[in-house]
Amino acid sequence: MPRAIETQDLVKEYGDLRALDELSISVEDGEFFGLLGPNGAGKTTFIEILVGLVRKSGGEARVFGQDVVDDYREVRDAIGLAPQEYNVDRFFPIREVLQHKAGYHGIPEDEAERRADEALKTVGIYDKRDERFDWLSGGMKRRLLLARALVTDPDLLILDEPTAGVDVQLRHDLWNIVQELNEGGTTVLLTTHYIEEAERLCDRVAIINEGRKLEVASPDELMDRGTDTIYVRTQTTPSTAPDLTHLDRVEGVTIEDGRLAVRAKQGGRVAPQVLNELEARGHEIVDLEITRTSLEEVFVELTNDDGEGVRSGEESAGIPGGDSA
Amino acid sequence: MRFLSVSTYALVKREILRYVRRPSNTFLPPLITNVLYFSVFGVILGDRIDRIQGFDYIVFILPGLIVLGAISNAFENASFSIFHGRWNEYIHETLTSPMSYTEMVLAYIGASALRGLVVGVIIAFVGYAFEPVGVARPFYLVAFLVVISVLFASLGVVGGLWAEDFDYLTVMNQFIVRPLVFFGGVFYSLEILPPLYRTLSLLNPMVYMVNGVRYGFLAYSDIDHNVALAVLSALTLAVVLVDIALFKRGYGLTD
């Protein structure tokens, strides 16, 4: 079974600027894959190469085994794209916009009409079907972009910042729709600035910066690579922080607000050892709290210093699959 | 049996609906403009102007006005549709579809040429209302109208891809297409020109178009109509191929 997306040393240059720098990413069929990176990281360029809106300068890109240049018709037929920018035909009511899009994909008129209605119902704007795009609210516009991506019943759904600027309720609605599609077998490629979104939805995420891949792993694996904090309240606050760095994964201990703050990789695993050690030293434990590193913190750490710190953490933690994509 | 593929048909339909639903922007202006032309040159001034090559002036200028209307609208439609789609990026709906580049180009050209033809027919009816005129060579009339409409729709595709602002569209239509048409023998016969200007006029491709359509109506032409038709057909084919190549290359569309 070919992979949904497979790129090898993908390069895109705009004059002197290298937007993609030998980017190799693989997305499995049926996977929910996130592409994270700061502005200008190359996420949209990557997507636009797949759908033919940007021409690659080098490397290879395949969608379900088909080359994006040589087999562009098959590739584009497999993809439904909800872009970041509003790029909808303003001349027609939105129902017709969807019918036209379905038609371009070779779907006969009757079927296109049925699918347009179904897509509008799925995203909850069927009652606006005779409105033009410009008259929709911001949230409805986002829903329409998703409906347009769905109307061709794609095998690969690409969502470029789908929830940018929408309210919490709509964001959750869109998440539910996309999750259902993914559970039904549709491969989803998501780019987002909302780390929580990636954390909640994605099987795996790739973090890219300046066109290069920094990391690919599941959100849990990435979070495991970060440094957690174990807060321990003892009966009496020690005057100095005990040295626990001889324990595996423990990086340091400080006293914060009358509590011991133990920084460690995979805090959940280390906590029992920490408690045992403290009790052995005569400390009476009264409270314990573990604050896990967020994906956001890992993301910031990776994209700020190209991830040197986290990569070394990966080695010590022995996390597999870091470069599997 | 469907002549076009489902996807090509969908794009042609979209393009046609766009201008059919806005007649006040597409069909009404040439209708009014030509009523004014025929009123002034046919009714008010017509009797004061000598017959040209044995034809009433209003009859003589009718083919040229049809050409002017047809090519302007074919060009404008293709260039506007493509440029507006680029400007608002909704042309991505087409570009990200599985249509082949040839299908895309033929759909844009076909719908735009049809608009040119419809405008040509409207102008013909307006002219007929002022001065009933027959069609002496129907085959040539249809052939020339189709070829020049397709040619200018194809040129409109190039214009739409090349334009970087709406001003470009105005410049192309008002400062290039229209002057060439006006100096292309719409309002006069080449026979009345001094030899030097007559020779220079032969460099203007509009001369062949106007005379071709005139031959279809009146069986009169200043130049060889068969040569004109052959040259224009070849030119049209060449421009269509250029359009397809530009789409394939992504000129004005990608990056």
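**Where to start**

Is B:Ala219 buried, exposed or partly exposed? B:Ala219 is partly exposed, because its relative accessible area is 32% and the partly exposed class lies between buried (under 20% relative accessible area) and exposed (over 50%), found with a 1.4 Å probe and protein chains only. Everything here comes from a predicted model, in which local features need pLDDT of at least 70 and side-chain atom pairs count only at pLDDT 80 or more, while totals for chains, interfaces and linings use all residues. Residues are numbered from 1 along each chain as its sequence is written, chains are lettered from A and ligands numbered from 1 in the order in which they are written, and side-chain values use heavy atoms, leaving out hydrogens and water.

**View 1. Two loop residues of chain B with positive phi.**

B:Ala219 lies in the loop between helix H10 (205–218) and helix H11 (225–249) of chain B. Helices (H or I, at least four residues) and strands (E, at least two) are DSSP runs, numbered from the N terminus. The phi of B:Ala219 is positive, about 60 degrees, although this residue is not a glycine. Now look at B:Glu89, in the loop between helix H4 (57–87) and helix H5 (92–95) of chain B. B:Glu89 is not a glycine, yet has a positive phi of about 65 degrees. With 31% relative accessibility, B:Glu89 counts as partly exposed.

**View 2. Helices H3 and H6 of chain B pack together.**

Two packed helices are described by the angle between their axes and the distance between the axes. Here H3(B) (residues 28–44) and H6(B) (residues 101–130) pack at about 35 degrees, with axes 10 Å apart. Axes are lines fitted to C-alpha atoms, for helices over the stretch in contact, and angles run from 0 to 180 degrees between N-to-C directions. Among the residues that meet are B:Leu31, B:Val35 and B:Phe38 in H3(B), and B:Val119, B:Ile123 and B:Phe130 in H6(B); contact means heavy atoms within 4.5 Å. By class, this contact has ten nonpolar, three polar and no charged residues. Ala, Val, Leu, Ile, Met, Phe, Trp, Tyr, Cys and Pro count as nonpolar, Asp, Glu, Lys and Arg as charged, and the others, Gly among them, as polar.

B:Ser112 is found in helix H6 of chain B. How large is its relative accessible area? The value is 0%, so B:Ser112 is buried. Leaving aside residues up to four places away in sequence, B:Ser112 touches B:Ala74, B:Asn77, B:Ala78 and B:Ala153.

**View 3. A four-stranded sheet in chain A.**

Strands of a sheet pair through backbone hydrogen bonds, either parallel or antiparallel. This open sheet has the order E13-E14-E12-E15 (chain A), with antiparallel pairing; two strands pair if DSSP finds at least two bridges between them. E13 and E15 of chain A are the edge strands, each pairing on one side only. Six bridges join E13(A) to E14(A), and A:Val250 has A:Ala264 in E14(A) as its bridge partner. These two strands form a hairpin with two residues between them, and A:Asp257 in the turn has a positive phi of about 50 degrees. E12(A) and E15(A) also pair over six bridges, with A:Glu289 in E15(A) as the partner of A:Tyr231.

**View 4. Helix H9 of chain A lies across that sheet.**

H9(A) lies across E12, E13, E14 and E15 of chain A, running at about 30 degrees to E12(A). Its 14 residues (267–280) reach 19 Å from first C-alpha to last, close to the expected 20 Å, which is 1.5 Å times one less than the number of residues. Its buried residues include A:Val270, A:Val274 and A:Leu278. Just after H9(A), A:Gly282 takes a positive phi of about 95 degrees.

**View 5. A six-stranded sheet in chain A.**

This open sheet has the order E7-E8-E9-E4-E10-E11 (chain A) and mixed pairing. Its edge strands are E7 (79–82) and E11 (212–217) of chain A. E7(A) and E8(A) (residues 156–160) pair in the parallel sense over four bridges, and the partner of A:Gly80 in E8(A) is A:Leu157. Helix H5 (residues 138–150) of chain A packs on the sheet, touching E7 and E8 of chain A.
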